[in-house]
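Please open the structure in a viewer and keep the selection tool at hand.

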Amino acid sequence: MGSGKSTVGKIAASHLSFDFRDLDEIVETGCGMSIPDIFALHGEMHFREIEYTCLKETISEYSRNGKGLVLSLGGGTVIRKECAALISRETYCIYLKASVGTLVSNLRKDTGHRPLLDGEHDPEKKIVSLMSSRKPIYESCCDKIICTDGKTPEEISENIILSLPSPSCP
């Protein structure tokens with residue numbers, strides 16, 4: 001949350017001539033409601049189930065059609081074991097790693113609602129807590145870690161493109 005996944009993903013997809021999809025937007029479109037509304041009406045567990053289904057369907061669709069895809073995941077997607085396993089098995093996953101200071105700064109600029117931060121008196125403390133619990137999961141299911149602190153979205157995108165494995169020769 002706040003690492004720039006969607007912004008950077010769009011830039012990388014454009015440079016690679018791939019499609020760009022945001023998993024949160026896929027969920028919202030499929031449900032016909034915003035993620036904060038899904039959280040409020042049905043809770044996080046229900047949201048995570050929908051998220052997993054959308055992730056599985058999106059990966060399957062792009063595997064079948066062979067088209068390149070940059071998929072921006074929600075910050076909590078990998079906390080569900082089935083999502084982490086699917087990501088590890090079926091994708092080349094890049095963890096955009098940012099310091100707590102960068103995340104807090106980015107989230108202050110972001111006008112979107114963040115259900116896991118709503119009502120928090122100390123968002124920095126909540127981010128520290130989320131990061132400490134998620135970091136091992138992020139690191140275990142990613143193929144590459146790219147540090148984002150002090151870099152522009154364009155620089156991060158370039159680092160992503162340079163980190164991609166070379167396509168296999170026939």
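A residue counts as buried under 20% relative accessible area, as exposed over 50%, and as partly exposed in between. The model on display is predicted.

Across the whole structure, a search finds 7 salt bridges.

Proceed to helix α4, which spans residues 44-65, and select Arg48. This residue is buried, at 9% relative accessibility. Which residues are linked with Arg48 in a network of salt bridges? Select Glu44 and Glu51 to display that network. Between Arg48 and Glu44, the closest N and O atoms are 3.1 Å apart; between Arg48 and Glu51, the corresponding value is 2.9 Å. Glu44 lies 4 residues from Arg48 in the helix, so about one helical turn separates them. Glu51 lies 3 residues from Arg48, again a separation of about one helical turn. As to accessibility, Glu44 is partly exposed at 29%, whereas Glu51 is buried at 1%.

Finally, turn to the aromatic rings, where the count comes to 2 pairs. For one of them, select Phe39 and Phe47: the ring centres are 5.1 Å apart and the planes stand at 40 degrees, so this pair is tilted. Both Phe39 and Phe47 are buried.

Methods:
Residues numbered from 1 in each chain as written. Predicted model: local features only at pLDDT ≥ 70, side-chain atom pairs only at ≥ 80, totals over all residues. Heavy atoms only, no water. Phe/Tyr/Trp six-rings, centres within 6.5 Å; stacked < 30°, edge-to-face > 60°. Buried < 20%, exposed > 50% of the residue type's maximum accessible area, 1.4 Å probe, protein only. Salt bridge = Lys/Arg side-chain N within 4 Å of Asp/Glu carboxyl O. Helix = DSSP H or I, 4+ residues; strand = E, 2+ residues; numbered from the N terminus.
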